[in-house]
Amino acid sequence: MLNIKDFDFFAFDFDGTLVDSHPVYLEKDKLYINHFYSQDISRNFLEQQELKFRQQLNIPYSIEYYLFLDRLFGTGKLTAEEISSRLSWFDENTIKPLIKPKPGAIKALKTIKSEFPDKKLLLVTGSKRAEIDYFSFHPLSNLRDHLNINSFFDCVITQDDVLEQKPSPEPYKKALDAIGASSDSSFLVFEDSVDGVLSAKANHATVVAIENKHINNDDKKLKDLSDYYFRDWKSILDNILG
């Protein structure tokens with residue numbers, strides 16, 4: 001069994017590890033159409049329409065896709081600027097408020113924080129700083145009352161703070177440098193992706209990997225690269241935190 005008392009610092013990825021936005025964003029277009037066009041469309045139908053869009057225009061999923069949806073379900077008269085404004089409002093007021101902590105994640109964080117009050121906790125994420133601020137402070141955030149991210153963690157490294165994203169070593173190295181970690185400091189990282197594990201291992205971390213079925217992960221590779229692998233936070237609580 002892993003003895004977490006042996007580590008000087010604890011670091012966590014955000015999306016996919018502490019929260020899981022993927023199921024919410026899978027429903028985004030369905031919710032969007034229901035909200036703005038008052039139509040309840042199946043995901044299967046939407047997938048067919050997206051395929052049709054890609055075949056017709058051969059361009060990536062973008063504002064153009066929502067212009068396509070407006071032609072399909074609305075008047076087809078919205079401009080790209082209007083679509084962009086609408087999406088920004090919808091994301092902030094409808095989508096992000098649906099994102100919740102993964103079961104057991106907050107309990108695990110609070111357990112570590114209370115049992116090791118003198119040890120620093122780091123958040124190292126590929127999310128933008130604005131997203132972390134949203135989840136910390138926005139009144140609609142499902143995380144705000146459970147965990148004020150900016151005050152809970154001693155250091156927060158986001159996409160905006162680095163030149164290279166995971167699997168580059170830079171994100172975790174920047175976090176360690178920010179808290180003044182020495183070369184012989186030991187730290188435990190909780191991650192859900194192969195890229196995240198590679199980034200952490202490049203900084204000589206011990207890595208606990210958490211299963212994430214929602215991203216394009218190679219489960220075998222994730223298990224092979226990480227030091228420990230668990231299906232969920234409940235398993236981590238039972239096996240590591242007791």
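Residues are numbered from 1 along each chain as its sequence is written, and side-chain values use heavy atoms, leaving out hydrogens and water. Because this is a predicted model, local features need pLDDT of at least 70 and side-chain atom pairs count only at pLDDT 80 or more, while totals for chains, interfaces and linings use all residues.

Let's start with the helices (DSSP runs of H or I, at least four residues; strands are runs of E, at least two, and both are numbered from the N terminus). H2 (residues 28–37) packs on H5 (residues 80–95) at about 110 degrees, with the axes 11 Å apart; axes are lines fitted to C-alpha atoms over the stretch in contact, and angles run from 0 to 180 degrees between N-to-C directions. That makes H2 roughly perpendicular to H5, a label for angles of 65 to 115 degrees. In contact here (heavy atoms within 4.5 Å) are Lys28, Leu31, Tyr32, His35, Phe36 and Tyr37 from H2, which meet H5 residues including Trp89 and Phe90. The contact residues split into nine nonpolar, one polar and three charged.

Now on to S5 (residues 206–210), where five of five residues are buried, meaning under 20% relative accessible area with a 1.4 Å probe, protein chains only. Thr206, Val208 and Ile210 point one way, Val207 and Ala209 the other.

S4 (residues 187–191) runs parallel to S5, joined by four bridges, with Val189 opposite Val207. S6 (residues 228–230) also pairs with S5 in the parallel sense, over three bridges, and there Tyr228 is the bridge partner of Val208. Pairing takes at least two DSSP bridges.

Methods. Angles under 35 degrees count as roughly parallel, over 145 as roughly antiparallel, 65 to 115 as roughly perpendicular and the rest as oblique. Ala, Val, Leu, Ile, Met, Phe, Trp, Tyr, Cys and Pro count as nonpolar, Asp, Glu, Lys and Arg as charged, and the others, Gly among them, as polar. Buried means under 20% relative accessible area, exposed over 50%, partly exposed in between (1.4 Å probe, protein chains only).
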